[in-house]
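Please look through the sequence and the model shown below before reading on. The briefing that follows goes through some of its features, grouped by topic.

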Amino acid sequence: MTQTFRGLRLKALGVALPRGRLTVEDFAARYGAEKVARLQKAIGLGAIHVAAPGETASALAQRAAEGMDLGAVDALLFVSQTPDAVAPATAALLQRRLGLGGHVLALDINHGCAGFVAALQLAAHLLLHPAVREVLILGGDTLSRHVDPADHATATLFSDAGFAALVGKGGDDEWAFANATEGSEAIAIPHGAPFRMDGTAVFNFTISKVPEQIQSLLTPAVDALLLHQANAFIVRQVARLCGFGPDRAPCDFTEHGNASSASLPLLLCDLATRHGWRGRRQAILAGYGVGLAWHSLRMPVDFDLPFTLRQETP
């Protein structure tokens, strides 16, 4: 499905990272230097962020929203594969904790690596209604609690993080979405069992499906291709197939790992706060993964807006 909207604005974006951090040296001590060296060469393995015991995705997302003006929020979406509980909805808990009014629509979205773009698309629909002034998207994951510590291929990959995005109305900017879903269990967290992933199936899906969707959005011209940071090898391959070099398709996987639904917000905040990106750039944001689902969005990103990256010192 392809959908186009006008008059939307990304007003603020924040990411919060937990204090815990595991590095290549930590992985080498746990799994052996030879295995880790192979992962470094194959996927660009670097460091990941690890939530403390009891630190939830919602707590990280709430921290990411600190300093945002939430007075006009009429809907709250919480995007995560690792909610606080099966019930109640984490969005309802966040609504109360943030002091939002009882009128606010609060919904959980069970989604992973494509979840940020999917939530932006749902927010765009909500903002079509005159009664909805702003939508607050909160999300993130604590996948480090769900991976098998003995499985070095996944335990070294996934990073914990939370994000907050405030979306409202204004201007005449065009946001063009494309989305698709296969309904595959190649990535799964079964009840009572650890995270599992068929790496070969996921790689083949990403290389075969994602570039075609991105290419459908390349008109008008795009300045930057901002990809979900699955791993450094996949980022390079998708960028190459879409005709983008590393200067226009940045990669921060080695620094932060795969942060699931927080991956794209983390990349955006990293570019604004650590790499000095400024001004407006026409960009494509692409998320892909669990589902298997792939969602892309062409939009102008204003890197002069309030983008914050909160990271506690280990």
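Predicted model: local features only at pLDDT ≥ 70, side-chain atom pairs only at ≥ 80, totals over all residues.

- With neighbours within four places in sequence left aside, the contacts of Gly287 are Cys113, Ala114, Val117, His228, Leu264, Ala293, Trp294 and His295.
- Gly287 and Phe116 are 171 residues apart along the chain, while their C-alpha atoms are separated by 7.5 Å.

- Helix H10, made of residues 263-273, is mostly covered, since ten of its eleven residues are buried.
- Leu309, found in strand E13 (residues 307-311), is in contact with Val15, Leu17, Leu266, Cys269, Asp270, Thr273 and Arg274, when neighbours within four places in sequence are left aside.
- Between the C-alpha atoms of Leu309 and Ala47 there is a separation of 17 Å, and these two residues are 262 residues apart along the chain.
- Ser260 is placed in the loop between helix H9 (253-256) and H10, and has a positive phi of about 55° although it is not a glycine.
- Ser260 counts as buried, because its relative accessibility is 1%.
- Gly276 and Gly115 are 161 residues apart in sequence, and from C-alpha to C-alpha they are 26 Å apart in space.

**Helices H7 and H8**

- H7 (residues 199-215) packs with helix H8 (residues 232-241) at an angle of about 40°, and the axes of H7 and H8 are 9 Å apart.
- Because of that angle, H7 is oblique to H8.
- The contact is formed by Phe203, Thr206, Ile207, Val210, Pro211, Ile214 and Gln215 on the H7 side, and by Phe233, Ile234, Gln237, Val238 and Leu241 on the H8 side.
- Divided by class, the residues in the contact of H7 with H8 are nine nonpolar, three polar and no charged.
- As for the handedness of the pair, H7 passes H8 in a right-handed crossing.
- Thr206, one of the H7 residues in this contact, has a relative accessibility of 2% and therefore counts as buried.
- Not counting residues up to four places away in sequence, Thr206 touches Pro211, Ile234, Val238 and Tyr288.

**Helices H3 and H4**

- Helix H3 (residues 57-64) and helix H4 (residues 90-97) pack at an angle of about 40°, with a distance of 11 Å between their axes.
- That angle is why H3 is oblique to H4.
- Where the two helices meet, Ser58, Ala59 and Gln62 are the H3 residues, and Thr90, Leu94 and Arg97 are those of H4.
- By class, this contact of H3 with H4 has two nonpolar, three polar and one charged residues.
- The crossing in which H3 passes H4 is right-handed.

**Cis peptide bonds**

- The peptide bond from Ala87 to Pro88 is cis, with omega near 0°, and Pro88 is placed in the loop between strand E4 (73-79) and H4.
- The peptide bond from Thr219 to Pro220 is cis, with omega near 5°, and the place of Pro220 is in the loop between H7 and strand E10 (224-227).

Notes. Residues numbered from 1 in each chain as written. Heavy atoms only, no water. Axes fitted to C-alpha atoms, helices over the stretch in contact; angles between N-to-C directions. Helix = DSSP H or I, 4+ residues; strand = E, 2+ residues; numbered from the N terminus. Parallel < 35°, antiparallel > 145°, perpendicular 65-115°, else oblique. Left-handed = near helix turned anticlockwise from the far one by under 90°. Contact = heavy atoms within 4.5 Å. Nonpolar A, V, L, I, M, F, W, Y, C, P; charged D, E, K, R; others polar. Buried < 20%, exposed > 50% of the residue type's maximum accessible area, 1.4 Å probe, protein only.
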